Amino acid sequence: MNSRLSRRSLLAATAGLGGAGLLTGCVGTSGSGGSGGAAAGGGGGGGGIVFQNSIQDTAPKAALEAIVQSYDGDVTMNSVATEQFRAQLTNYLRSNDPPDVMSWYAGSVARDYAAQGLLLDVSSMWEGDGACAGFSEALKNLSSADDGTQIFVPTNYYWWSVFYKKSAFERWGVQPPTTWDEFLALCENLSGQGVAPLANGIGSTPWMASGWFDYLDLRINGAQYHRELLAGEHSFTDPEVVAVMEQYERLIPYFDPNMGSYSAQDASVPMAQDQAGMYLIGAFVTQYFPEDQRDDLDFFSVPVINPDVPTAEEAPTDGYFAAAGTSDPDATIAFLSYLAAPEQQQAFIEQSGSSNLPTSPDVDTSQFSPLVQKGIELLNSTEEITQFFNRDSSDALQTTADTALTQFLADPGSRDRILEEWQRAAEGVFGQ
């Protein structure tokens with residue numbers, strides 16, 4: 001008992017250290033540090049569950065605290081500033097007495113930890129009457145390790161698409177495109193009407209340049225190639241990447257010319273004022289618009305370019321994984337199953353005021369907005385789900401993308417040199 005109390009005290013102490021977070025659009029939650037309360041109730045084996053939480057935005061954090069407090073079991077919840085959590089995550093998992101459950105996100109980080117034997121196998125939750133058994137096949141693939149076992153429990157996600165205002169499209173006399181050629185023609189049409197066809201904000205948020213890179217790679221080369229590229233298995237000088245950049249170059253004349261001075265949020269202002277037409281971004285963009293315009297927003301998926309590749313959508317996915325070194329795997333899986341249940345997913349989304357989507361098909365979405373229901377339909381119908389550049393690779397590789405893609409947008413004629421420099425920088429990240 002003393003060792004468990006000591007562990008709780010140690011982990012809680014780390015939660016009190018402050019730290020700045022990152023923008024939700026790219027990596028997850030933001031905010032300052034703090035610690036949550038422990039739930040009362042019957043203890044699990046080994047003195048209860050220690051839950052290390054990285055969610056720091058005020059409303060989502062409060063929603064999660066309420067959910068944990070309602071759990072019929074002994075849980076200590078430590079809330080840690082996002083960047084501190086990121087820096088300490090490897091140490092948590094490698095500890096002789098690690099926290100049992102951690103909130104983080106799906107993608108390459110989870111798979112890498114699983115390959116090192118640091119994550120608990122939660123495949124039982126995806127079988128039979130397990131809490132994740134009814135989740136989509138795309139979510140199951142996203143939550144699987146390289147050996148096919150499941151090591152992640154996804155509980156909410158949001159979609160990326162091309163957002164636009166219905167009233168603006170009507171005024172401009174245009175329709176959402178269904179093919180890539182129609183999309184390019186739409187951009188040309190809007191440009192001819194004096195409208196910047198594509199909003200973007202790559203100033204203080206240069207990672208926004210990766211949104212179009214991700215989608216063009218998914219549409220031209222497919223999700224499998226995209227994941228392999230971001231894992232260092234292909235070169236950024238490959239012909240496949242050159243093909244992506246060729247399509248990307250076709251879009252450059254249509255971007256808002258002020259995108260280099262805008263943040264992701266600032267870039268929504270010209271669109272709100274009908275000076276820009278479309279914006280490839282995550283569904284979190286809705287909060288950037290005036291409240292009286294939010295019902296006017298709609299979206300369409302980036303059109304197919306290569307019909308031979310499976311459909312794929314970017315859907316950054318949040319949830320939980322557990323340490324392989326947990327002292328009570330059964331109690332850990334019981335707590336994870338509670339967090340993944342439809343009742344808890346719905347409570348989290350409603351109480352946090354989130355635009356995120358539930359991963360459980362059993363959540364009552366009838367009161368969700370038509371836009372959110374359309375987002376659910378999109379993700380339930382796609383064949384593959386990817387995350388975002390850094391979530392499918394690493395923050396270090398994201399930095400190389402920020403440099404390369406912002407340079408390319410400013411000087412597309414230097415594409416080959418930029419790709420060569422990008423590859424050298426990537427090799428430095430991968431230690432090649």
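Biologist: Which residues lie nearest the centre of the second largest pocket, and how many residues line that pocket?

Modeller: This is a predicted model, in which local features need pLDDT of at least 70 and side-chain atom pairs count only at pLDDT 80 or more, while totals for chains, interfaces and linings use all residues. Residues are numbered from 1 along each chain as its sequence is written, and side-chain values use heavy atoms, with hydrogens and water left out. Rolling a probe the size of a water molecule over the atoms shows where empty space is left. On a 1 Å grid over the protein atoms alone, a pocket is an open set of points with protein on both sides within 12 Å along at least five of seven lines, a cavity is a set where a 1.4 Å probe fits but cannot get out, and lining residues have an atom within 4 Å of a point. Here 20 residues line the second largest pocket, and Arg111, Asp146, Arg227, Ala231 and Glu233 lie nearest its centre. Helix 9 (223-230) is among the elements that give two or more residues to this lining, and its four residues are the largest share.

Biologist: Is glutamate 233 buried or exposed?

Modeller: Buried means under 20% relative accessible area, exposed over 50%, and partly exposed in between, with a 1.4 Å probe and protein chains only. Glutamate 233 counts as exposed because its relative accessibility is 55%, and it is found in the loop between helix 9 and helix 10. Serine 235 is found in that loop between helix 9 and helix 10 too, but serine 235 is buried, at 16%.

Biologist: Which residues does serine 235 touch, not counting residues up to four places away in sequence?

Modeller: Contact means heavy atoms within 4.5 Å, and by that rule serine 235 touches Tyr225, Leu229, Val241 and Gln423.

Biologist: Which residues of helix 10 are buried?

Modeller: An α-helix has 3.6 residues a turn, so residues three or four places apart point the same way. In helix 10 (residues 239-251), the buried residues are Val241, Val242, Val244, Met245, Gln247, Tyr248 and Leu251. What covers them includes helix 7, strand 7, helix 8, helix 9, helix 15 and helix 16. Helices (H or I, at least four residues) and strands (E, at least two) are DSSP runs, numbered from the N terminus.
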